[in-house]
Amino acid sequence: MALKLVIFDLDGTLLEQGLDFEAIRREIGLPPVVPILETMEALPPAARERAFAILDRREAEAAAVSRLMPGARELLGWLRGRGVRTALLTRNSRVSVETARTRHGLAIDAIVTRETHTPKPSPEGVQHLMARFGAGADETIVVGDYRYDIEAGRSAGTRTIALIAEAKAWAKDATWIASSLDEVREILQRLIERPVA
Ligand SMILES: [Mg+2]
C-alpha cells in the first residue's frame, strides 16, 4: 500500500473561497441552502439556461480574481517530488478552473469538472481518477473543505481529509481533519513514511 493519488477540491481547498453561494442562489432565485447544481438541473429549459449563465459568470469572475490558499503550490510540488499524482475534482465549470489554473500556474496531473462526470457528492469523479492513474482506493486520498468532498471520497472507498478552520458536524465522517494545507502535508507525509498506518 502506497500513496499514489491525492484528489483536491478547488474552492476553499486549493483556492481561497471566492464564490458567495448565497448571493448566487439569490440572483438565480433559488431558496437558501439547496444544492445549486442539482436544483438548477431540475428547472425548465429556459430557466435552467438563465441559471447556468448566471453561475458561469459568477464563477468566471471569482476565478479571475482568485487567490491560492497558503501552501497550495508548495504542497502540489512536494507531492510531485515524491511521485504522487495530483488531481482536481470540482463542481465548477471547466472554463473557470482553467482560468484559475492559468492564473496561478498550477501543476496538476488531471482536472475533472461538472461537464464530464456527475458532480460530488457522487463518487464518479473519484472513481474515474483512480482508474485513470491505476490507483486503488487504499492508495488514494480526497481532500476538501465541504461535506460533498468527504462523501464522494467515502463512497469511492478512499480515505479523506477535511480541511476546515472551525468544527463542522459532517467532519466526523472524514478520516482526518486539518486546519491548513501544511497540516494536510503532515498527514500525507506520515502516510508516505508509514504506508500502513
Ligand atoms: Mg470547496
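Modeller: Tyr-148 is buried, since its relative accessible area is 11%, and in this predicted model Tyr-148 belongs to one aromatic cluster together with Tyr-146 and Trp-170. The structure holds two aromatic pairs. In one of them, the ring centres of Tyr-146 and Tyr-148 lie 4.9 Å apart with the planes at 75°, so this pair is edge-to-face. Tyr-146 and Trp-170 also form an edge-to-face pair, with 6.4 Å from centre to centre and 70° between the planes.

The places of the residues in the second contact deserve attention: Tyr-146 sits in the loop between strand 4 (140-144) and helix 7 (147-156), while Trp-170 sits in the loop between strand 5 (159-163) and strand 6 (176-178), so that their pair ties together parts that are 24 residues apart in sequence. Tyr-146, by contrast, is partly exposed, because its relative accessible area of 38% lies between the limits of 20% and 50%.

Turning to the backbone, Lys-120 and Pro-121 are joined by a cis peptide bond with omega at about 15°, and Pro-121 is found in the loop that runs between strand 3 (110-112) and helix 6 (124-133). Another loop, the one between helix 1 (21-28) and helix 2 (36-41), holds Val-33, whose phi is near 75°, a positive value in a residue other than glycine. Val-33 counts as exposed, with a relative accessibility of 68%.

Glu-186 itself is partly exposed, with a relative accessible area of 45%.

Technical notes. Residues numbered from 1 in each chain as written. Predicted model: local features only at pLDDT ≥ 70, side-chain atom pairs only at ≥ 80, totals over all residues. Heavy atoms only, no water. Buried < 20%, exposed > 50% of the residue type's maximum accessible area, 1.4 Å probe, protein only. Helix = DSSP H or I, 4+ residues; strand = E, 2+ residues; numbered from the N terminus. Phe/Tyr/Trp six-rings, centres within 6.5 Å; stacked < 30°, edge-to-face > 60°.
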